[in-house]
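Work through the exercises below with the sequence and the 3D structure at hand. Each task is followed by its solution.

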Amino acid sequence: MREECGVAGVVQFREETHPVPSALRIYYALYALQHRGQESAGITVHDGRQPQTLKGMGLVPEVFDKDDLVSLKGDVGIGHVRYSTSGDSRIENCQPFIVKYKSGNVALAHNGNLVNGLDLRDQLEAEGHVFVANSDTEVIAHLLVKELLKHEPVEAIRNVMKQLNGSYSLVIMIDDLLMTVRDPLGFKPLCFGTIDSGYAVASESVAIDTLNGKLLRDVKPGELIIFRDGEVESHQLFDEKCGAHCVFEYVYFARPDSIIDGQLVYRVRERIGEKLAEEHPVDADMVSPVPDSGITSAIGYSKGSNIDYEESLMKNRYIGRTFILPGQAMRETAVRLKMNTINENIKGNRVVLIDDSIVRGTTSRRIIDMVRNAGAKEVHARIGSPPIVAPCYLGIDMASRDELIAAHKTIKGVEAVINADSLGYLSVDGLVEAIGIERDDLCVGCLTGAYPVEIPGESICQRRQLKLHEF
């Protein structure tokens, strides 16, 4: 699995009181969201007359420098870090997207994935719309411009949402008006808070923390927030009985210090470890995480089992996203470059190895073999999510069904492939309990094969039969 995207927006209302430019604040927010996408980054700021944009391929500090950021004048802006779940990895797909129309400009950044994005694009192209990229974000921008030619912004966004099937958390600028909207089921996280001279919106609360701001709350599913004249306007455009918050935000994607839909991710992961210890106990000498995503769950497992927590693996955090494997013969060296064993901690011990998930199984096998070769007597794998049996169509770049090891092997079969002495997955009920949100408000499609929205060729959760209910 790969990280998804992250969005941010800032509006500052009292120019004389905010010495830090909005563009620089967005830069800091995107830096805090870098874990959500390392492919490209972009910032668009409105200077009162027109939007100005900086974007490029690479990490946030690679794309922007201070002089360029200071040159972006304006009190309102939006930003984006990207990992592609639709569209190629190229500069044309970097966000925010800007579309000009006769009344002004629309700038838009998107976290999520549309199931019907290609169909909508075909319809727009048939009407004469011209696209410069192949991302579904540009489709949303064109739909919005089309509606803005006929309606004021609130009604225009409502009409766009009626046409979209999938996940989307959006930050939008219509000229210098900042707004943000979350899809009716709330797949992707989105929140907003105050900063010393205005407001900030972001995919995760850590971005607001970075700006020394105060989290106010999550954007509700189906809610549109407009920041206008120093005030916050809330428009509940759609009100569904059930939500569909992505469970993997809590298992893996989000930073542990983020608060998402009222839940501190760190506490959720700690409870995941405790539930794992309850569901899959084992006699062992040490509990150890696969860094970094397994760390907090390993702490929870240690607490729940009274087995000592000890690190057995050390991750190289400076390997860089552009590392190129120099050939098949160097594979083992490449694995060790990314992660190395702490042999003295491992030798002669029975190790419980905690990881967040197993997708194909190849990485798990290599890691377990490394721990065995470092002298472990036994290696017991404990996984902080249930088996992944189906692909994700809603914004996570996950393997196809054919590549998902749990889709065609039993747990014992996976155990044999990864070379573990035992394997224990967290149950779906255990994960739901650890998250602390009702199951009907979570998306578990990749764990059950039944999705909360209609996807061609796939099953739909019968409890959900989504029909947009206007508020």
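**Exercise 1: Thr44**

Thr44 is a residue of strand 2 (residues 40–46); strands are DSSP runs of E with at least two residues, numbered from the N terminus, and helices are runs of H or I with at least four. The model is predicted: local features need pLDDT of at least 70, side-chain atom pairs count only at pLDDT 80 or more, and totals for chains, interfaces and linings use all residues. Residues are numbered from 1 along each chain as its sequence is written, and side-chain values use heavy atoms, with hydrogens and water left out.

Task: decide whether Thr44 is buried or exposed, and find the polar contact of its side chain.

Solution. Step 1: the relative accessible area of Thr44 is 0%, so Thr44 is buried (under 20%; exposed is over 50%, partly exposed in between, with a 1.4 Å probe and protein chains only).
Step 2: the side chains of Thr44 and Thr53 form a polar contact at 2.8 Å (a pair of N or O atoms within 3.5 Å; within protein, one must be able to donate a hydrogen and the other to accept it, and residues adjacent in sequence count only if both atoms are side-chain atoms).

**Exercise 2: Ser385**

Task: locate Ser385 and state which backbone oxygen its side chain reaches.

Solution. Step 1: Ser385 sits in the loop between strand 21 (378–383) and helix 14 (405–408).
Step 2: its relative accessibility is 0%, so Ser385 counts as buried.
Step 3: the side chain of Ser385 reaches the backbone oxygen of Asp356 at 2.9 Å.
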